[in-house]
Amino acid sequence: MIFAAYFFFGCGIFFMIFGVLGILRFPDLYTRLHPAGKAGTAGILSIFIGLILYSGFSPLSLRIILIALFIVITSPVASHAIARGAIESGIEPWGLKKK
Amino acid sequence: MNPFLLITYVLSATSFLCLIRIVRGPTHFDRLIGLNLMVFNITAIIAAQAVQFKRYVYLDVALVYAILGFVSVIAISKYLTGRELHK
């Protein structure tokens, strides 16, 4: 159980590092939303799964499951709100600007 | 090495890099992307510290922090929708 928890910690750290690298290096807002969504759901969710496996089955791991469910529900909603606001306020995508 | 200490160090470094995107972002929505990811990083740090030191009250703090971050991101993006502040 402990080694499965370590495996999920490693997966979470991997997703977070490369997601933040994508946020820093991608050229546009709409391309930056892609690694932000992946790091926000996959990385954080695997870290929380590792925490659940480490702490065992208890009412306290139920609380970690609650936080993980909240993050899984609300991260795509936040990304969608940011993308819709950017479209409606007139920011053009990156590839279309060079015509 | 202690895995919770490793998680704390790595997520602190990634939230600092998100802070770089918040400072350098060309539009306000880039700053919102950095803020959204930084809130998730700090939530994971608080949860890892709570499991490490067995202070389970901090899990409530993490839940409240995640809720406040989500509400603030939705409110700021709804405030900025339709306004051409980036020109």
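How many residues does H1(B) have, and how far does the helix reach from its first C-alpha to its last? H1(B) has 22 residues and reaches 32 Å, close to the 32 Å expected at 1.5 Å a residue. The expected span is 1.5 Å times one less than the number of residues. Helices are DSSP runs of H or I, at least four residues, and strands are runs of E, at least two, numbered from the N terminus.

This is a predicted model: local features need pLDDT of at least 70, side-chain atom pairs count only at pLDDT 80 or more, and totals for chains, interfaces and linings use all residues. Residues are numbered from 1 along each chain as its sequence is written, while chains are lettered from A and ligands numbered from 1 in the order in which they are written.

Stay with H1(B). Its buried residues (20 or more other C-beta atoms, placed from the backbone, within 10 Å of their own; exposed means 12 or fewer, partly exposed in between) are Ile7(B), Val10(B), Leu11(B), Thr14(B), Ser15(B), Leu17(B), Cys18(B) and Arg21(B). They lie on the same side of H1(B), because they cover an arc of only 155° around the axis, taken from the directions from the helix axis to the C-beta atoms. The face turned away carries exposed residues, including Phe16(B) and Arg24(B).

What covers the buried residues of H1(B)? The cover includes H1 and H2 of chain A, together with H2 of chain B.

Now the chain pair. 37 residues of chain B are in contact with 38 residues of chain A (C-beta atoms, placed from the backbone, within 7 Å). The largest share of chain B's side, 12 residues, comes from H2(B).

Notes. Contact = placed C-beta atoms within 7 Å.
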